[in-house]
Amino acid sequence: MQNVVLTIHLILAVLLTGVVLLQRSEGGGLGMGGGGGTGGVMTGRQAANALTRLTWIFGIAIFCTSIALTVIAARESSTGSVLDRFGGATAPAPATGNLPQLPTYTPPPGAGQPITPPAPEGAAAPAAPAATAPAADPAGAAQPMTPPAPAN
């Protein structure tokens with residue numbers, strides 16, 4: 001049902017685009033030429049009225065098919081959120097129990113270790129970083145501060 005309404009919707013969109021392009025614009029555009037009575041079946045004014053009516057009809061039809069597509073999509077949608085489907089342990093189990101088990105990822109040995117670039121040829125090896133923290137200032141600069149006593 002949704003495919004049928006969608007196909008009708010797309011056909012109406014193409015037809016509406018064509019009808020709008022055929023109408024005479026202020027600057028001429030792709031309009032109906034110079035107008036006037038050239039002896040055809042319809043005069044310029046009658047053609048303009050017919051194209052205006054077709055524009056309205058196609059516009060209303062596109063509006064109706066848009067609403068129909070929205071209603072169809074709302075009926076077919078589930079009540080849960082998309083995030084609920086991918087929530088991990090809270091996700092519902094699949095309906096069929098014959099799905100293959102996917103392999104789990106195991107990181108290679110040494111993963112997560114920092115990568116140091118190799119030293120260029122002929123250069124001295126870089127000094128290893130210090131394993132201990134620098135010594136504290138012996139003058140006592142790191143003494144805690146006590147707040148002043150309130151004045152009464």
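1. Isoleucine 72 is buried, at a relative accessible area of 15%; buried means under 20%, exposed over 50% and partly exposed in between, using a 1.4 Å probe and protein chains only. This isoleucine 72 sits in helix H2. Helices here are DSSP runs of H or I with at least four residues, strands are runs of E with at least two, and both are numbered from the N terminus. Beyond its neighbours within four places in sequence, isoleucine 72 is in contact with Met1, Gln2 and Val5, where contact means heavy atoms within 4.5 Å.

2. The model is predicted, so to speak of local features a pLDDT of at least 70 is needed, and side-chain atom pairs count only at pLDDT 80 or more, while totals for chains, interfaces and linings use all residues. Residues are numbered from 1 along each chain as its sequence is written, and side-chain values use heavy atoms, with hydrogens and water left out.

3. Confidence comes next. pLDDT is the predictor's confidence in each residue, from 0 to 100. The protein chain averages 74, and 59% of the residues score at least 70. Among the elements, H1 has the highest mean pLDDT (93) and helix H3, residues 82-85, the lowest (70). Where pLDDT is low, the predicted coordinates should not be read in detail.

4. On the overall fold, the protein chain has 3 helices and 0 strands, running α-α-α from the N terminus on. Of its 152 residues, 8% count as buried. Of the contacts with a separation of 6 or more, 63% are between residues 24 or more positions apart. The accessible surface comes to about 13,500 Å², with 66% of it belonging to carbon and sulfur atoms; these areas come from the Shrake-Rupley method with a 1.4 Å probe, and for residues only the protein chains shown count as cover.

5. Which residues make up the largest nonpolar core? There are 6 in all: Leu12, Leu16, Val19, Leu51, Phe58 and Ile62. Such a core is a set of buried Ala, Val, Leu, Ile, Met, Phe, Trp, Tyr and Cys residues joined through side-chain atoms within 4.5 Å. Helix H1 (2-22) and helix H2 (44-76) are the elements that give two or more residues to this core. In soluble globular proteins, nonpolar side chains tend to be buried together. Leaving aside neighbours within four places in sequence, isoleucine 62 is in contact with His9, Leu12, Ala13 and Leu16.

6. Histidine 9, in helix H1, counts as buried because its relative accessibility is 16%. Beyond four places in sequence, histidine 9 is in contact with Ile62, Thr65, Ser66 and Leu69. Threonine 65, in helix H2, is buried at a relative accessible area of 12%. Again leaving aside neighbours within four places, threonine 65 is in contact with Val5, Ile8, His9 and Leu12.

7. Is threonine 17 buried or partly exposed? This helix H1 residue is partly exposed, with a relative accessible area of 46%. Threonine 17 and threonine 55 are 38 residues apart in sequence, with their C-alpha atoms 8.9 Å apart in space.

8. Finally, the surface. Phe63, Ile67 and Val71 make a nonpolar patch of about 280 Å². Patches are made of residues with over 30% relative accessible area and no salt bridge, with like charges joined within 9 Å and nonpolar side chains (Val, Leu, Ile, Met, Phe, Trp, Tyr) within 5 Å. A salt bridge is a side-chain nitrogen of Lys or Arg within 4 Å of a carboxyl oxygen of Asp or Glu. Phenylalanine 63 belongs to helix H2 and is exposed, with a relative accessible area of 54%.
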